[in-house]
Amino acid sequence: MIDERRVPIDRDVDIVTARQLGRELAAEAGFTGSDLTLIATAISEVARNIVVYAERGEIRLGRTDRNGREGIEVVAADEGPGIPDIQQAMQDGFSTGRSLGLGLPGARRLMDEFEIVSEVGKGTVVTMRKWRP
Amino acid sequence: MSVPILKQGDVLIASIQSALTDRDLLQLKDELAEKVGRLRSRGVVIDVTALDVMDSFATRTIRSIAAATRLRGAETVVVGIQPEVAIALVELGLTLDGIATALDLEEGLDVLVEVMEARRRDR
Amino acid sequence: MADQATDAEAPFGPAGLFGPADLERRLRSGGVGPEDRAGIGEIKDEVLKHLDEHVAAFFEHLASFPEAQALLRRPDLMEEARRLERDHLVAMASGTYDRDYVEQRFRLGRLYNRAQLDVALFMGAFHAQMSSIGRRIMQRYAKDAVGGFARFSAFKKIAFVDLGIVVDAMMTEREGTIRRQQQAILELSTPALQVRERLLILPIIGLLDTFRAKQLTDGLLKAIRAHRAKVVVMDLTGVSTVDSKVANHLIQTVAAARLMGATVIVTGLSSDVAQSLVTLGVDLSRLNTIGDLQGGIEEAERILGPASPRIERRPAVG
């Protein structure tokens, strides 16, 4: 990650800070129009996940590149209880109506790449990337 | 930051001025539910023009405002959803089904009149 | 050299696009020093003496290429090209390289683009012209081959800088043309037309790929806001096939327009497209579809009511 910036997350106002910083960073990285909103919204979802389920953690934001493509990377990390059933957590409430309401499936749809690593009792790390068109 | 709620006739207008925290949103929900009951309002307009992000929590809260006020006899119209926000909501699968929407406050008041008339006829 | 084609009206090569500093940089990177300018001064008369021969060498080289016929067979273009090529050599031999010099190069590049002469062909002809000049200089300096070579080398340094400018001019002009064409295609293919207050028609014509579909969504939503549209008639008469991605996009566009407070009526859905939408799992009952555009506009008029109804229609609130 290039120019990494960190936003500590431990209450709801931090969610707003994180997504506003994310929007700024995405604009600096060359994203425009609705992409800025999609990125900010995805950050909002993963940041809330920290506040609601882990109480505290952090969001790391930065530019990234791979094979000549430029983009933005967002890492949401916490040391909370972890997610016992990731498959269930990633289940899409949109079609099934059985979402756990974690906001993670939504975040995945808004970004190009989405990875989640979680260990019960240790915490959760979500890594998301979006590439510039 | 709390949201000012204006009373205009039997309509309440909540005009959001800036980004809201989850707490602000929940407070808006409580205040609107309380005011609709106390003032016997028939309609609620939520102006979200100033919101550059509406995530699943914000959308869920607006849904529950609409449900709570409907129980107290008022219809809710959401106005001013920005084009980029509309795209993000659709991508998230949050299409606010069953809640009226309008372009801006003026249009929202018109839509509210139509919706309230339709409800009166249905009764 | 960023963004040269922003203003289609401006002539190429004004200071903003190609400034004195840029020219200076090119001359420096071409290794053109004072001694080169002096050397060019010494062969100037020799170059000018056989000017017509050198110009002819350029066009003779082109004559054998079928791709160059578009230029060679157009007397008007050829006359201008000959004149510009003459001026070109005179300017090159003059030893003064300034703004006029650059603009003249840009005119040449633009002319060759208009004649669809490609860069490789131009470079070949340019090389033939340099050979013609080199031959004459070496003849003149037959007894001082080293001196002749030094002077011709000086001339070639300028020639390389020159070549760079003309090729850049051709490329920039071409990129500008392509960009303008792309823009025109986009605008032509996705115009949201306002028929009356609060009503937009969006005729969708031709193949929709994901990129165009995204453009279309963005454009429509912005137009809804700009025109305060309440109803949009999306006419798909010109669309013969849709794939799942595009179908999904159309549905999302309709949903996003609704979130903004506008109703979308879909017209001109061919049975093939309707069938493939159903096959792709689209619930057509969620779409407000009407057979043809005329019917769609009538339905829109019905939703909108008579013009300017706001004051009469609104009952007293409260």
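Predicted model: local features only at pLDDT ≥ 70, side-chain atom pairs only at ≥ 80, totals over all residues.
Tutor: Two residues are in contact if their C-beta atoms, placed from the backbone, lie within 7 Å.

Student: Among contacts in chain A between residues at least 6 apart in sequence, what percentage join residues at least 24 apart?

Tutor: Chain A has 133 residues, of which 44% are buried, and its secondary structure comes to five helices and five strands. Along the sequence these elements follow the pattern β-α-α-β-β-α-α-α-β-β. Once contacts between residues at least 6 apart in chain A are selected, the share that joins residues at least 24 apart is 62%.

Student: How far apart are the end C-alpha atoms of helix α2 of chain A, and what span should its residues give?

Tutor: Helix α2 of chain A covers residues 34–54, which is 21 residues at 1.5 Å a residue. Because the expected span is 1.5 Å times one less than the number of residues, the helix should span 30 Å, and the distance between its end C-alpha atoms agrees with this, at 30 Å.

Student: In chain B, which element has the lowest confidence and which the highest?

Tutor: Chain B has a mean pLDDT of 92, with 98% of its residues at 70 or more. Confidence is lowest in α4(B), where the mean is 87. At the other end, with a mean of 97, stands strand β3(B), residues 43–47.

Student: Which strands stand at the edges of the sheet in chain B?

Tutor: The sheet of chain B is open, has five strands in the order β1-β2-β3-β4-β5, and shows mixed pairing. Two of these strands have a single partner each, so one side of each is left without a neighbour in the sheet. Neighbouring strands are turned by 25° against each other on average, direction ignored. The edge strands are β1 (5–8) and β5 of chain B.

Student: Which residues of β3(B) are buried on each side?

Tutor: In a regular strand the side chains alternate between the two faces of the sheet. Five of the five residues of β3(B) are buried, so the strand is largely enclosed by the rest of the structure. The strand is joined to β2(B) by five bridges and runs parallel to it, with Val11(B) opposite Gly43(B). Both faces of β3(B) are covered, with Val44(B) and Ile46(B) buried on one side and, on the other, Gly43(B), Val45(B) and Asp47(B).

Student: Which element gives the most to the side of chain B that touches chain C?

Tutor: The contact takes 18 residues from chain B and 18 residues from chain C. On the side of chain B, α3 (83–92), β5 (100–102) and α4 (105–122) each supply at least two residues. By class, this side has 12 nonpolar, three polar and three charged residues. With five residues, the element that gives the most is α3(B).

Student: In β5(C), which residue is the bridge partner of Ile265(C)?

Tutor: In chain C, five strands form an open sheet in the order β1-β2-β3-β4-β5, with mixed pairing. Its edge strands, β1 (193–196) and β5 (288–290) of chain C, pair on one side only. Strand β4(C), residues 263–267, runs parallel to β5(C) and is joined to it by three bridges. There, the bridge partner of Ile265(C) is Asn288(C).

Student: What percentage of the residues of chain C count as buried?

Tutor: Chain C has 13 helices and five strands. Among its contacts between residues at least 6 apart in sequence, 81% join residues at least 24 apart. Of the 318 residues of chain C, the share that counts as buried is 33%.

How values were computed: Residues numbered from 1 in each chain as written. Chains lettered and ligands numbered in written order. Helix = DSSP H or I, 4+ residues; strand = E, 2+ residues; numbered from the N terminus. Buried ≥ 20, exposed ≤ 12 C-beta atoms within 10 Å, placed from the backbone. Nonpolar A, V, L, I, M, F, W, Y, C, P; charged D, E, K, R; others polar. pLDDT = per-residue confidence, 0-100. Pairing = 2+ DSSP bridges. Axes fitted to C-alpha atoms, helices over the stretch in contact; angles between N-to-C directions.
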